[in-house]
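Colleague: I would like to go through this model with you. Please tie each label to its cut-off.

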Amino acid sequence: MKKGYSAAEYKISEQMSERIRILRAIFIIMVVFIHSTIKPVNFKESTAEFEIPQALEMLQRFISSGVSCVAVPGFFLFSGILLYQKPFTWAGNMRKKLRTLVLPYILCNSIWIAAFFLAQLFPFTSVFFSQKKNIIANWGLLHWINAFLPLNIFEGEYPFLYPFWYIHNLILLNFLAISLKKIMDRFPKIFLAFLVCLWILPTSGWLRLYKQSIVFFCLGYYFVKYHITFQTIDEKVNFKLLSFLYFLLLCIYSFFHIDSIGFVSLRYLIVLAGLLFWTHVSAYLKKGKFLTLLADYQFIIYGFHEFTLTIFKKIIVHIFPQTITLQCVLYLVLPFFIIIGCIIMGSLLQKLLPRFYHVLTGGR
């Protein structure tokens with residue numbers, strides 16, 4: 001690695017910026033598929049169980065647990081790169097993140113809390129709510145605090161809109177960004193070794209919830225510090241060998257249900273190989289209309305896909321008999337309908353309520 005690069009010397013080319021947009025579009029599809037797996041569907045008075053065919057189980061493991069596990073680390077990596085590429089002050093960065101992260105975080109959580117509360121008022125929709133912790137009318141002060149500031153109270157490791165743990169962690173990382181940079185500048189090799197150990201070694205408690213965020217956000221700074229670009233990866237990595245190893249790891253993990261090699265989780269190796277693989281693939285992908293829409297509305301998809309996916313799963317399971325065909329539709333088809341629905345909703349909000357849309361998405 002080269003020594004002594006500063007943020008001021010790191011330049012994101014137009015091509016790299018476009019590749020990041022393409023990767024974010026791909027990764028947001030992966031995030032939806034992470035949440036689309038077939039699981040028991042809980043209703044107020046009953047639970048719908050599925051007898052999932054082995055082939056579908058392996059496919060889910062391949063796509064949702066294997067291929068898609070690269071998405072969230074990738075988002076944290078890009079956040080680190082984009083933050084550290086230019087010099088910034090703590091106060092200036094936090095003012096910006098108040099608009100781009102904190103307000104959308106509060107607003108999206110509030111929208112879903114209000115939606116749950118309204119749906120729970122009517123008998124024909126209240127039957128779809130099974131978890132006591134999500135019955136808004138029964139909340140006390142600590143429930144409300146935990147919905148926005150997850151303090152591990154009432155099973156609250158996550159905010160109410162639980163995919164927004166990513167936003168929650170990103171806010172904290174931006175709060176600590178200057179301090180983390182000083183540590184990485186003062187002890188670059190030692191801290192990098194610490195990140196590797198943090199990533200591969202088993203953890204528990206609060207560290208388990210934050211380690212993925214810390215590791216890949218900080219790796220974003222190492223990209224900047226040592227001037228690592230996507231072109232560097234293209235030049236240094238043997239893509240044919242990487243592709244072979246990546247798909248070999250995916251097949252071992254998915255079809256043979258092998259979760260680790262020694263003490264190293266196979267998914268960790270898949271994440272690292274996947275980041276390199278998809279980064280290289282992005283050089284050959286052109287920004288088509290669908291990828292552009294995914295990139296433009298990725299925040300809306302992120303904020304509204306999971307609960308919407310769950311709602312439609314419950315409605316479909318409640319109406320139709322539980323068959324293998326239904327399971328395939330729920331897993332492979334429904335996610336794309338949800339993505340398209342989120343894009344349509346985002347487009348309508350952008351046209352009809354532009355100021356609200358601007359605040360909701362943090363100006364994205």
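Colleague: What makes the largest nonpolar core a core, and which residues touch the most other members?

Modeller: This is a predicted model; local features need pLDDT of at least 70, side-chain atom pairs count only at pLDDT 80 or more, and totals for chains, interfaces and linings use all residues. Residues are numbered from 1 along each chain as its sequence is written, and side-chain values use heavy atoms, without hydrogens and water. A nonpolar core is a set of buried Ala, Val, Leu, Ile, Met, Phe, Trp, Tyr and Cys residues joined through side-chain atoms within 4.5 Å. The largest one holds 114 residues. Phe27, Tyr84, Phe160, Tyr166, Ile167, Trp278 and Leu294 touch the most other members. Helix 1 (residues 14-34) gives the most to this core, with 13 residues. Helices are DSSP runs of H or I, at least four residues, numbered from the N terminus.

Colleague: How confident is the predictor in the protein?

Modeller: The average pLDDT, the predictor's confidence in each residue from 0 to 100, is 91. Of the residues, 96% score at least 70. Over residues 1-5 the pLDDT is below 50.

Colleague: Why is phenylalanine 216 called buried?

Modeller: Its relative accessible area is 1%. Buried means under 20%, exposed over 50%, partly exposed in between (1.4 Å probe, protein chains only). Phenylalanine 216 is therefore buried. This residue sits in helix 10. Leaving out residues up to four places away in sequence, phenylalanine 216 touches Pro73, Phe76, Leu77, Trp199, Val271, Leu272 and Leu275. Contact means heavy atoms within 4.5 Å.

Colleague: Why is leucine 352 called exposed?

Modeller: Leucine 352 has a relative accessible area of 65%, so the label is exposed. Leucine 352 lies in helix 16. It also belongs to a nonpolar surface patch of about 740 Å², together with Phe290, Phe336, Ile340, Ile344, Leu348, Leu353 and Phe356. Helix 16 (residues 324-352) gives the most to that patch, with five residues.

Colleague: What makes helix 7 largely enclosed by the rest of the structure?

Modeller: Nine of the 11 residues of helix 7 (residues 165-175) are buried, so the helix is largely enclosed. Among them are Trp165, His168 and Asn174. The cover includes helix 3 (71-84), helix 4 (90-119) and helix 15 (298-319).

Colleague: Which residues does tyrosine 166 contact?

Modeller: Beyond its neighbours within four places in sequence, tyrosine 166 is in contact with Val72, Phe75, Phe76, Ser79 and Tyr302.

Conventions. Helices (H or I, at least four residues) and strands (E, at least two) are DSSP runs, numbered from the N terminus. Patches are made of residues with over 30% relative accessible area and no salt bridge: like charges are joined within 9 Å, nonpolar side chains (Val, Leu, Ile, Met, Phe, Trp, Tyr) within 5 Å. Accessible areas come from the Shrake-Rupley method with a 1.4 Å probe; for residues, only the protein chains shown count as cover. A salt bridge is a side-chain nitrogen of Lys or Arg within 4 Å of a carboxyl oxygen of Asp or Glu.
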